[in-house]
Amino acid sequence: MKEVFRVAIDGPSGAGKSTIAKSVAKKLNIDYIDTGAMYRAVGYKMNREGIPFEECDQLKSMLDATDIDFVSGDIILDGEIVNNLIRTSEVSQLASKCSALPMVREKLVEIQRGMGARKSVIMDGRDICTNVLKDAEYKFFLTASAEERAERRHKELIEKGEVITFEEVLRDIENRDHNDMTRALNPLRKAEDATEIDSTGMNIEQVTEAILKEIK
């Protein structure tokens, strides 16, 4: 195994990418970069500052003044820990819209590639294998059935106190799948050299071990 290496994980919303990436990062003692959280942070900040998606000049100024970092598992937006603030259904929708904006993607991809060049990292998202880290040493496409992904997400939201039905979560998952796979800029797809793992019916330990087996 190289001294500095990169692990890239792509897949649809709710497939468990973040959970698995964190688990693998801990096992390999490398840094986990939650790219989805970075887009959530931008969407959250745009909403908080009232910046419309069509206002390019305002958005550029905001991005120039935006700093995103990861410290001990926390995501830091402009010096503020925003872990829970960016995990709502509203911010999920905003993140999906943000990820389709070239200006936002260019800014965040630049930050992500910089981290991958400096140290060993594991990143998960929609286009890590196909765009952000195309030359990553290890690539995976993690998926699961829409129903199972919705069940996981619904349970997570209920535990956080949100009032939402399973049907609403499933509809949101299906809409996000459609948006992610059909967007013009770097749509969600499996890289030709990525190993596909269907986590339907699998627990965290089983998926983690499947990835570690490929890496080691």
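Strand β1 (residues 6-10) runs parallel to β6 and is joined to it by five bridges. The model is predicted, so local features require pLDDT of at least 70 and side-chain atom pairs count only at pLDDT 80 or more, whereas totals for chains, interfaces and linings use all residues. Residues are numbered from 1 along each chain as its sequence is written, and side-chain values use heavy atoms, with hydrogens and water left out. Helices (H or I, at least four residues) and strands (E, at least two) are DSSP runs numbered from the N terminus, and two strands are taken to pair if DSSP finds at least two bridges between them.

Strand β2 (residues 31-34) is also parallel to β6, with four bridges between the two. Residue M123 of β6 stands opposite A8 and opposite I33. Burial is defined by relative accessible area: buried means under 20%, exposed over 50%, and partly exposed in between (1.4 Å probe, protein chains only). Because five of the five residues of β6 (residues 121-125) are buried, this strand is largely enclosed by the rest of the structure.

An open sheet of three strands is arranged in the order β3-β4-β5, with antiparallel pairing. Its edge strands, β3 (68-71) and β5 (80-81), each pair on one side only. Two antiparallel bridges connect β4 (residues 74-77) with β5, and I81 in β5 is the bridge partner of I76.

Helix α2 (residues 35-49) lies across β3, β4 and β5, at about 40° to β4. Here axes are lines fitted to C-alpha atoms, for helices over the stretch in contact (heavy atoms within 4.5 Å), and angles run from 0 to 180 degrees between N-to-C directions. The 15 residues of α2 reach 21 Å from the first C-alpha to the last, close to the 21 Å expected at 1.5 Å a residue; the expected span is 1.5 Å times one less than the number of residues. The helix is mostly covered, as 11 of its 15 residues are buried, including Y39, R40 and Y44. At the N-terminal end, D34 caps α2 through a side-chain oxygen 3.3 Å from the backbone nitrogen of G36. Just after the helix, G50 adopts a positive phi of about 65°.

The structure holds 15 salt bridges, each being a side-chain nitrogen of Lys or Arg within 4 Å of a carboxyl oxygen of Asp or Glu. One of them joins K60 to D64 (3.1 Å, N to O). These residues are four apart in helix α3 (residues 56-64) and are therefore separated by about one helical turn. K60 is partly exposed, with a relative accessible area of 46%, while D64 counts as exposed at 51%. A salt bridge between D127 and R105 has its closest N and O atoms 2.5 Å apart. This pair links distant parts of the chain, 22 residues apart: D127 is in the loop between β6 and α6 (128-132), and R105 is in helix α5 (residues 102-118). Both D127 and R105 are buried. Another salt bridge connects the side chains of E156 and K160 (3.5 Å, N to O); E156 is partly exposed at 32% relative accessibility, and K160 is partly exposed at 44%. Finally, R6, D135 and E137 are linked in a network of salt bridges.

Methods. A polar contact is a pair of N or O atoms within 3.5 Å; within protein, one must be able to donate a hydrogen and the other to accept it, and residues adjacent in sequence count only if both atoms are side-chain atoms.
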